[in-house]
Amino acid sequence: MGQSSSDTTKDEGHGDLLPSFTAYFKKMKRGNKIISQETIRSIELHLKKGNIQGANSVISNALKNIDSAPINIAVTGESGAGKSSFINALRGVGTEDEGAAEVGVIETTMVRTPYKHPKIKSLTLWDLPGIGTMNFPPEEYLEKMEFQEYDFFVLLSATRFTKHELDLAKAIRSMKKNYYFVRTKVDMDLDNEKKSKPRTFDREKILQKMRSYCESTFSQNNMDVPQIFLISNSDLSDYDFQVLMDSLIKDLPAQKRHNFTLSISNITEAAIDRKHESMQQYIWLEAFKSGLLATLPAVGILRDDVEKLKVKLKHYQEIFGVDDESLEVMAKDLKVSVEQLKKIIKSPYLLETKKEETSREMFLKYVEKFASATGGPLATGLYFRKTFYLHHLFLDTVAEDAKVLLRQTYLKN
């Protein structure tokens with residue numbers, strides 16, 4: 001009798017899988033998806049045939065690819081353009097942190113220098129010597145810099161782009177790679193303008209003038225005018241830095257978007273939301289792969305489950321910068337104690353249980369809270385295993401903690 005009931009439940013759950021899977025990715029913009037359309041179609045085909053194992057296998061391979069796919073970003077520009085500061089900004093490290101790219105030195109090297117991201121091990125930023133420092137034509141320069149390894153090139157300038165960068169851009173495009181023109185040190189130019197013309201200072205007009213000045217270089221050289229990104233390496237929350245990051249994410253292959261998104265610092269609440277959305281997709285795919293049941297078992301969490309949950313929570317905290325190490329750095333910057341910061345966030349206490357509360361009761365309480373607050377995965381017709389409810393709860397809590405701490409830094413600045 002019990003076996004018959006279990007089989008019925010399983011069949012019903014599998015019947016919901018295809019429409020649930022299709023609906024989940026259909027509502028999502030193509031540039032935000034962390035798996036390709038080809039992979040999505042392959043999974044849907046397996047589900048349509050009732051081949052659950054085949055669908056799980058495709059998802060499993062996709063997740064492995066997301067975790068391990070190397071991301072290589074080439075950064076180049078003339079000496080003084082702010083390459084080192086830009087690389088440090090992308091890596092989320094300060095100029096005095098261990099392993100930071102050295103800032104303010106005159107470029108003498110003729111070789112490329114790799115910088116690994118401290119948290120996303122698959123991401124490497126490459127500091128390339130400016131093409132103007134090497135007496136090679138663009139094609140030969142790219143060959144020596146091993147251009148085929150990079151996902152895209154970021155070309156930096158603190159003034160306007162020279163013929164060297166324009167010729168390099170043409171060569172990059174001819175080799176079927178993407179490039180992005182970034183105008184740095186915008187904040188310094190605005191400060192200088194404000195000091196010299198305090199009465200007539202107009203920020204927006206000056207920014208537009210900078211943009212037009214860069215664009216005219218392309219027109220004068222009979223090139224299509226690309227989007228110019230105006231940034232300040234010392235203030236990533238202002239100007240075009242987030243727009244640049246959104247463009248890079250959209251243009252990357254689908255399987256590389258997730259890790260690159262997670263690598264971006266919590267510069268704005270929009271950046272945190274982007275990471276949150278990407279992690280939601282990853283959790284959703286993990287749940288799907290794990291063979292979902294049509295009912296939520298009302299059983300307690302085993303000790304092994306709790307240990308795995310602790311590992312997951314710690315991972316989310318590290319990604320969103322609310323782990324102990326990140327809190328210590330922030331506390332030092334804000335001149336407050338770590339304990340004061342922990343008082344205003346919730347994730348450090350998620351897996352604590354009161355003496356009279358069992359793990360089972362804690363879990364059921366969180367499931368009820370999650371489902372009532374968001375509708376939960378039940379709203380999609382998809383029933384997650386017990387632990388995946390907690391994964392979503394952890395993610396939501398950690399992302400909100402990151403926003404609370406970001407607001408705290410705004411108050412102190």
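Predicted model: local features only at pLDDT ≥ 70, side-chain atom pairs only at ≥ 80, totals over all residues.
Visitor: Is α12 mostly covered or mostly uncovered?

Guide: Mostly covered: 15 of the 21 residues in α12 are buried.

Visitor: Now the core. Which residues touch the most other members of the largest nonpolar core?

Guide: A nonpolar core is a set of buried residues joined through side-chain atoms within 4.5 Å. The largest one here has 82 residues, and F21, F25, I35, I73, F86, F260 and F320 touch the most other members. Helix α17, residues 386–412, gives the largest share, ten residues.

Visitor: Why does this core lie between domain 1 and domain 2?

Guide: Look at who contributes: domain 1 (17–67 + 268–411) and domain 2 (70–252) both give residues to the core, so it lies between them.

Visitor: What does F21 touch?

Guide: Leaving out residues up to four places away in sequence, F21 touches I35, I40, I43, E44, L47, I59, W284, L285 and F288. There's also a second, separate core, with 30 residues, W126, Y150, F161 and Y179 among them.

Visitor: On to the rings. How many aromatic pairs does the structure hold?

Guide: It holds 14. To sort a pair, check the angle between the ring planes; over 60 degrees counts as edge-to-face. Take Y150 and F153: their ring centres are 5.3 Å apart and their planes sit at 80 degrees, so that pair is edge-to-face. Both residues, Y150 and F153, are buried.

Visitor: And how are F152 and F260 arranged?

Guide: They're edge-to-face too, with 6.4 Å centre to centre and 90 degrees between the planes. This pair links distant parts of the chain: F152 is in strand β4 (residues 152–157) and F260 in helix α11 (residues 254–263), 108 residues apart. F152 and F260 are both buried.

Visitor: Which residues do ring pairs link into a cluster?

Guide: That would be F21, Y24, F25 and W284. You've met F21 already, as one of the residues that touch the most other core members.

Visitor: Last one: where does the charged end of R112 sit?

Guide: For a charge over a ring, look at the distance to the ring centre. The charged end of R112 sits over the ring of W126, 4.0 Å from its centre. Likewise, K275 lies over the face of F320, at 5.4 Å from the ring centre.

How values were computed. Residues numbered from 1 in each chain as written. Heavy atoms only, no water. Buried < 20%, exposed > 50% of the residue type's maximum accessible area, 1.4 Å probe, protein only. Helix = DSSP H or I, 4+ residues; strand = E, 2+ residues; numbered from the N terminus. Domains from an automatic or database assignment. Contact = heavy atoms within 4.5 Å. Phe/Tyr/Trp six-rings, centres within 6.5 Å; stacked < 30°, edge-to-face > 60°. Lys NZ or Arg CZ within 6 Å of the ring centre and 35° of its normal.
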